[in-house]
Amino acid sequence: MDYKALAQKLFPTIDKAPDFWEEKYPQRNLKEGARVTRFAPSPTGFLHFGNLFTCLVSYKTAKSTDGVFYVRVEDTDQKRKVDGAIEVMLKGLSVYGIVPDEGVVGENEEIGDYAPYYQSERKEIYQTFAKSLVEQGLAYPCFMTPEELDEIRAQQESESIKGIWGKWAKHRDLSFDEICKKLESGEAWTLRLKSPGDIEKKCYFDDMIKGKIEMPENVQDVVILKSDGIPTYHFAHAIDDHLMRTTHVVRGDEWISSAPIHLQLFRVLGFKPPKYAHVAPIMKEENGGKRKLSKRKDPEAAVTYYAEEGFPSESVNEYMLTLANSNFEDWRRMNQTESVEKFPFNLKKMSVSGALFDMVKLTDVSKNVICKMNARKVFELSYEWAKEYCPDLAALYEKDTERATAILNIDRENKKPRKDIAKWSDIPDYISYMYDETFVPCYELTGNATPALAVKVLEKYKDTVNLDDDKDTWFGRIKDMCESVGCTPNVKEYKQNPDAFDGHVGDVSTIIRVALTGRTNTPDLYSITALLGKEAVAVRLNNALTHFKEEI
């Protein structure tokens with residue numbers, strides 16, 4: 001067989017050799033140990049939590065080593081392309097601080113020396129390497145029809161190894177003349193790898209997360225170019241990862257089964273393979289068992305869910321790192337004010353079997369993140385959210401933005417800030433009592449507070465409250481009221497002799513709190529009173545007094 005003549009017959013317009021592309025895309029000038037990783041989406045859908053998580057791992061792998069993270073779009077299947085999908089994905093990533101150093105950075109917008117980063121624009125590169133494989137006798141044209149392939153699939157139903165190999169690879173050893181006759185008669189062809197695999201041998205690779213993996217060698221003559229000359233994913237990704245000088249490929253562990261094909265392609269092409277890190281899927285507990293987080297069943301599988309609910313990106317990032325590295329929470333306890341960018345991310349600290357998604361944990365993480373934000377930041381982030389997802393809250397804010405910020409600042413910027421807010425969608429209910437439009441009275445009492453005691457307390461307090469008081473003076477007035485309503489200003493004294501009193505200062509405060517807010521648990525009551533204002537305080541105290549009188 002004259003392989004060079006065959007290669008020229010199959011690829012008459014390809015006039016470059018692989019060396020041309022090797023020189024065009026040289027080794028990167030990076031420090032030793034720097035890792036080059038990528039996110040390689042198809043423009044066929046939108047961003048899901050699993051994509052985001054795997055992408056974060058890939059990004060952290062590069063950034064923790066002063067390496068490079070790039071985005072390559074695998075768009076060879078133009079029939080499945082969804083307009084705008086890449087733009088949506090990139091915006092989704094940027095929300096969570098994942099911004100590529102190079103590659104596709106916008107719809108049809110690229111930066112970097114290894115362009116083009118759209119696979120659809122790299123056809124000549126793939127065909128150059130395909131031609132080279134034919135010249136070396138490592139690939140061949142296959143003329144099997146779809147009907148023939150269907151027939152083989154039916155015959156192989158009981159076979160342990162499926163695909164085109166061995167006796168089924170009937171075009172593997174066609175002569176040059178036989179090939180030429182088929183080409184001249186216009187028969188469609190695909191290009192298949194002439195696999196050097198041995199059914200008796202194993203391939204091995206050291207996965208960065210799962211450790212050493214052993215699998216049977218690939219013996220299939222896989223398609224590397226489809227009949228339209230477009231490469232398959234297997235072939236394209238091997239060439240792109242090599243020429244873009246990718247050092248580490250982070251991907252879902254559903255790709256482990258393809259690893260023997262990929263490692264064989266790298267070897268046949270004469271490339272050093274990247275290191276693989278196969279990420280286990282995010283799991284979810286259900287009925288005492290575990291299953292994969294599902295795009296169909298679980299709203300939290302869609303990244304848009306977190307924006308709609310109002311989880312800050314910082315919270316989602318922190319939570320993903322608790323899933324990604326087993327030592328993150330210990331690091332966070334020791335470094336409470338440090339940016340997550342300083343966390344020493346390590347692939348080897350990832351779960352082999354898959355992390356468990358836990359909404360309660362996400363909520364707790366988010367409360368911790370939000371409680372450390374100052375009021376101005378909470379206002380700005382929640383206002384941006386409200387403008388898109390909760391116009392009623394945005395309208396309340398816009399009445400008086402400084403007052404809104406002050407409301408959000410109650411019990412916030414101190415040593416032990418409250419942790420009432422886990423997401424921006426919690427805020428409408430959280431601050432509802434601060435606005436007459438959303439205040440819903442509720443006069444349920446707790447502790448020793450009774451309607452009769454409430455009447456005595458409110459009659460006294462409505463004539464005592466003074467919004468010009470400082471906090472100590474305000475609380476002093478409440479304590480001074482206690483004796484006149486049959487209570488003690490000293491909680492310890494009440495506990496020592498409860499039969500001597502109707503209640504204590506805490507019960508008096510609860511009655512006032514319920515009257516003004518409709519709740520028994522709120523942030524600092526003094527600050528609430530001051531921000532409600534004299535008129536609202538008077539109206540609410542009188543309404544509550546009327547209610548409790550009717551209850552007696």
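1. Ground rules. This is a predicted model, where local features need pLDDT of at least 70 and side-chain atom pairs count only at pLDDT 80 or more, while totals for chains, interfaces and linings use all residues. Residues are numbered from 1 along each chain as its sequence is written, and side-chain values use heavy atoms, with hydrogens and water left out.

2. The sheet. Four strands make an open sheet with mixed pairing, in the order S1-S2-S3-S4. Helices (H or I, at least four residues) and strands (E, at least two) are DSSP runs numbered from the N terminus, and two strands pair if DSSP finds at least two bridges between them. S1 (36-39) and S4 (109-111) are the edge strands with a single partner strand each, so one side of each has no neighbour in the sheet. On average, neighbouring strands are turned by 35° against each other, direction ignored (axes are lines fitted to C-alpha atoms, for helices over the stretch in contact, and angles run from 0 to 180 degrees between N-to-C directions).

3. S1, S2 and their helix. S1 and S2 (residues 68-71) run parallel, joined by 4 bridges. Helix H3 (residues 49-63) packs on the sheet and touches both S1 and S2; contact here means heavy atoms within 4.5 Å. The direction of H3 makes about 160° with that of S1.

4. The largest pocket. H3 turns up again here, giving the most to the lining with 6 residues. S1 and strand S10 (248-252) also give two or more. The pocket holds about 1,100 Å³ of space, and its 33 lining residues include Gly 50, Asn 51, Thr 54, Gly 252 and Glu 254, which lie nearest its centre. On a 1 Å grid over the protein atoms alone, a pocket is an open set of points with protein on both sides within 12 Å along at least five of seven lines, and lining residues have an atom within 4 Å of a point. Grid points are joined across faces, edges and corners, and a volume is the space filled by probe spheres set on the points.

5. Asp 426. Look for it in the loop between helix H16 (401-408) and helix H17 (427-430). The side chain of Asp 426 reaches the backbone nitrogen of Ala 422 at 2.9 Å. Asp 426 and Gly 310 are 116 residues apart in sequence, yet 8.4 Å apart in space, C-alpha to C-alpha.

Methods:
Polar contact = N/O pair within 3.5 Å; in protein donor to acceptor, adjacent residues only side chain to side chain. 1 Å grid on protein atoms, 1.4 Å probe; cavity = no way out; pocket = protein on both sides within 12 Å on 5 of 7 lines; lining within 4 Å.
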